[in-house]
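Dear colleague,

Please find the structure we spoke about below, followed by notes on what was found in it.

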Amino acid sequence: MPHFELADRVKNLPPYLFATIDMMKQEALSKGVDLIDLSIGDPDIPTPEHIVEAMKKAVEKPSYHRYPSYEGMLSFRDAVCGWYKERFNVVLEPRREVISLIGSKEGIGHIPLAFVNPGDVVLVSSPGYPVYPVGTLFAGGEGYVMPLLEKNNFLPDFSAIPVEVLKKSKLMFINYPNNPTSAVAGSGFYEEVIRVALQYNIIVCHDAAYSEIYYDNKKPMSFLEVKGAKDVGIEFHSLSKTYNMTGWRIGFAAGNSDIIAGLGKVKTNLDSGVFQAIQEAGIVALNTDDSLLAGIRKTYQERRDSLYEGLQTVGIHAIKPGATFYLWAKVPAGFDSSGFVAHLLEKAGVLCTPGNGFGKPGEGYVRFALTVPVMRMKEAVERISKVL
Ligand SMILES: *Cc1c(COP(=O)(O)O)cnc(C)c1O
């Protein structure tokens, strides 16, 4: 019998820390436990009706059944530019400064292939989206962890990075509003990012998947709003979280034209773009009236308030989210992340995500997702209070 050995890049993937939790979850479900699952980073609210309707019409057009263009329909990229102008007052050139993506995860995973040579360093904020270190690894790069600590408001401290590392760095991944810490960044931070990037010639990849899920009417800013950002970086956006379209697979990157072109080169050789009917529905999504998004934000805000206040009451130190549909909380004394998750699952039938699964600096925290209705949220807090 032949033996098919996995490639080193796959063998060397970091351990999947959620595996044990996944098993425990399956076990609880098979026992018929009434599980309150606060571990899912996927909106429970369906895609708005007008977007679904646009898709139904678009899917019937035979011209859309053929290969799309690699970089996305010009009308889709135009809609992205319109959205950026309206939302951030940022002007983009649709032909050179925007590219469509098969979900932003696709672009984030591929960008290191375009710019990172074996041995190059990629600065990766952590805890964070696992695709940043994995995309780096697949390109042969070396990830350097920028820990996001509570004492720094979950922003990386560039002065803590050795100059030798900065000199070898080719690219950096940052993400605000942040998954999993829910932190938001302002212009002062982005100015520092641009200063470091210019000094050491580093490509900035800013992941803005949660820019529209914000609270208390405080709109997060775009990295591209800051002077000089377009000289050093690009921003990834996704229709997934903003319009409850995770299953549709559509996102985009915008910013520096050379970086966009590099990403485009990789994509031209690996995929054939986004189904045009989905792009047409994406255009309709991007033109959605803000009142509809305000309604979605209101729903999340009620859940946030309910969970945040509830956890405060039972004595769990939680970070009040300024944005995203996650809540980052410290585990009580005597537990580590995995131990606390297991405890809540076994004793309370409440599932959250262990912080160390997002990288070592997440140890000591858990992430709760606000993707269940307020009533269930209240019940989760009630159950947690009884097992502390
Ligand atoms: C959900 C998510 C994404 C990507 O979503 P896509 O569905 O691939 O567009 C990117 N970054 C972060 C931090 C996310 O949580």
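In the protein chain, 74% of the contacts with a separation of 6 or more are between residues 24 or more positions apart, a contact being heavy atoms within 4.5 Å. Please bear in mind that this is a predicted model, in which local features need pLDDT of at least 70 and side-chain atom pairs count only at pLDDT 80 or more, while totals for chains, interfaces and linings use all residues. Residues are numbered from 1 along each chain as its sequence is written, and side-chain values use heavy atoms, with hydrogens and water left out.

The radius of gyration of the protein chain, taken over C-alpha atoms, is 21 Å, which agrees with the value near 21 Å for a compact globule of 388 residues, the rule being 2.2 Å times the number of residues to the power 0.38. Along the principal axes, the C-alpha atoms fill a box of roughly 60 × 55 × 55 Å. The secondary structure comes to 16 helices and 12 strands, these being DSSP runs numbered from the N terminus (helices H or I, at least four residues; strands E, at least two).

Of the 388 residues, 55% are buried, that is, under 20% relative accessible area with a 1.4 Å probe, protein chains only. Helix 13 (residues 276–286) is mostly covered, with nine of its 11 residues buried, among them Q276, I283 and L286. The cover over these buried residues includes helix 3 (49–58), helix 4 (74–88), strand 2 (98–101), helix 11 (239–242) and strand 8 (251–255).

With best regards

Notes. Buried means under 20% relative accessible area, exposed over 50%, partly exposed in between (1.4 Å probe, protein chains only).
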